[in-house]
Protein chains: 2
Amino acid sequence: MTLRSALLALLSSGPLTGYDLVKQFSSSVGHVWHAPDSQIYPELRRMHAEGLLSSKPVPWGTRGATKTEYALAPAGEAALIEWQNQPLTYVRDRDPARLRAAYFEWAPSGVAAAQLRAHIAHYDEQRLQTLYMIQALEQRTHPTLARRLALYSEEEREHIVRFKVFAYEGQLAHAEQEIAWAKRGLQILEDIENPGTSDPVNEPGT
Amino acid sequence: MTLRSALLALLSSGPLTGYDLVKQFSSSVGHVWHAPDSQIYPELRRMHAEGLLSSKPVPWGTRGATKTEYALAPAGEAALIEWQNQPLTYVRDRDPARLRAAYFEWAPSGVAAAQLRAHIAHYDEQRLQTLYMIQALEQRTHPTLARRLALYSEEEREHIVRFKVFAYEGQLAHAEQEIAWAKRGLQILEDIENPGTSDPVNEPGT
DNA sequence: AGAAAATAACTATCAACATAGCTATTTGGT
DNA sequence: ACCAAATAGCTATGTTGATAGTTATTTTCT
């Protein structure tokens, strides 16, 4: 049901055809709730069948073909608000990187460190992406955001931008935390490989 | 396939019956990779069928009933090492809390703050649990860990404990980061509710 | 004009997970 | 000796999500 909320949230910025929605999804909400197009198309049809969305055929090309444009129906807007009213349900932890690390004693020599370096690379990349996203939001150049802001007063606009930036700051902090964690892990592995060469600042007594 | 690795990892501490495995799972590996018993039992049978596990019937009660005890077969041990050799595959972000926060403009007054307070409560709880876990690991009182350590030399024992503590420290840091994030969120909401009453330390010019 | 590539819009299939059951045995109380 | 509660072990079913297609239209290049 969360995908549904993500779609409602995206459509609250204005009507979109299926394809445009899929594209905009992956460069906006998709950053906090990923979904492939194969999940989006059927869900849109279900939401339409349940009256959350209205649809209208718009021409596609010159040969009379059409594509479907979806818009938030009143029931959809109500569902959005209802979603925000619902308490959050937390999914149980399922973290492949943590699982690996917990059993590093089974990793052949060197592999654990390589794993952690890959972890750092991954979150470094995500950190950068998130920074760009935050910039695009703050400068209001992000297309989906710009479209959304047009619907509101200036005061409300500021709040909306702050909420989105806040959400991405959470992602940013998470990425940075993962990087710091992996670096500590590399330190531990080094300590184990070369015992006795420990940093004298941290262990002044030995 | 990650559940499979988690089960192999747990069984590497010694043989277990299905039930005992389910119990120990939820109080050890399950903290980093949750799985319900309904997923564990069938997976065990599949792993046995594929030769990763050996099994032997052990008596249950006095009326001749038996239960199945599983142990890591050589192929299972190989699979464990192979798993550690594999590069990590990262799952795409799917974070309900972040998704909510990004669309707080749809939350009725007061609801967003309640959401964030619940977020803090949730991660406070997890933080505590993780702290206890780290303590049990460091003092080597955790039963599954104790059983595992018995199989190794003292030097290896120290490494094993460090790896597990390291993994849980990652969880701990994450929990603390989530708490800090939600607190910043509450601050933002307050700012929005009472504009002008902003902290003079942060905005000395106004 | 015709072929190749890019764009737009879906569909099918399968594995992973969550929820909610069910049955048999043992233990503890009367 | 018998019943209720707790323990042990497992199954069925539906939903969500990942992977990998397919079909039709438009644009670009020769």
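## Two chains and their contacts

User: How many residue pairs are in polar contact between chain B and chain A?

Analyst: The model is a predicted one. The count takes in pairs with both residues at pLDDT 80 or more. Between chain B and chain A it comes to 34 residue pairs.

User: What area is buried between chain B and chain A, and which residues of chain B lose the most?

Analyst: The buried area is about 7100 Å², and carbon and sulfur atoms give 64% of it. Three residues of chain B together account for 13% of what that side buries. Those that lose the most area to chain A are Gln84(B), Trp106(B) and Phe166(B).

User: What rotation superposes chain B on chain A, and which C-alpha of chain B is nearest the axis?

Analyst: A rotation of 180° with 0.0 Å of shift along its axis does it, with an RMSD of 0.0 Å. That is the relation of a two-fold axis. In chain B, the nearest C-alpha lies 3.5 Å from the axis, and the residue is His174(B).

User: How many salt bridges are there between chain B and chain A?

Analyst: Side chains of opposite charge can pair when their charged atoms come close. One salt bridge across the two chains joins Lys164(A) and Glu105(B), at 3.0 Å from N to O. Over all chains the structure holds 24 salt bridges. Between chain B and chain A the count is eight.

User: Is Arg98(B) buried or exposed?

Analyst: Arg98(B) lies in helix α5 of chain B. Residues it touches in chain A include Val32(A), Gln171(A) and His174(A), and in chain B it touches Glu178(B) and Trp181(B). Its relative accessibility is 2%, which means that Arg98(B) counts as buried.

User: With which side chain does the side chain of Arg98(B) make a polar contact?

Analyst: The contact is made at 3.0 Å. The partner is also one of the residues that Arg98(B) touches. It is the side chain of Glu178(B).

User: Which residues are joined into one network by salt bridges that share partners?

Analyst: Arg4(A) and Glu43(A) meet at 2.8 Å, N to O; Arg4(A) lies in helix α1 and Glu43(A) in helix α3, so the pair ties together parts that are 39 residues apart in sequence. Glu50(A) forms a salt bridge with Arg4(A), with the closest N and O atoms 2.8 Å apart. Glu43(A) also forms one with Arg46(A), at 2.8 Å. Shared partners join these into one network of Arg4(A), Glu43(A), Arg46(A) and Glu50(A).

User: Is Glu43(A) buried or exposed?

Analyst: By contrast, Arg46(A) is partly exposed at 43%, and Glu50(A) counts as partly exposed at 49%. The cut-off for buried is under 20%. At 8% relative accessibility, Glu43(A) counts as buried.

User: Where is Arg140(A) found?

Analyst: Most residues other than glycine have a negative phi. Arg140(A) has a positive phi of about 60°, and it is partly exposed, with a relative accessible area of 28%. In chain B, phi of Arg140(B) is near 60° as well. Arg140(A) is found in the loop between α6 (111-138) and α7 (143-149) of chain A.

Definitions and conventions. Residues numbered from 1 in each chain as written. Chains lettered and ligands numbered in written order. Predicted model: local features only at pLDDT ≥ 70, side-chain atom pairs only at ≥ 80, totals over all residues. Heavy atoms only, no water. Least-squares fit on C-alpha atoms with pLDDT ≥ 70 in both. Buried area = accessible area lost by both parts, 1.4 Å probe. Salt bridge = Lys/Arg side-chain N within 4 Å of Asp/Glu carboxyl O. Polar contact = N/O pair within 3.5 Å; in protein donor to acceptor, adjacent residues only side chain to side chain. Helix = DSSP H or I, 4+ residues; strand = E, 2+ residues; numbered from the N terminus. Buried < 20%, exposed > 50% of the residue type's maximum accessible area, 1.4 Å probe, protein only. Contact = heavy atoms within 4.5 Å. Lists of a residue's contacts leave out its neighbours within four places in sequence.
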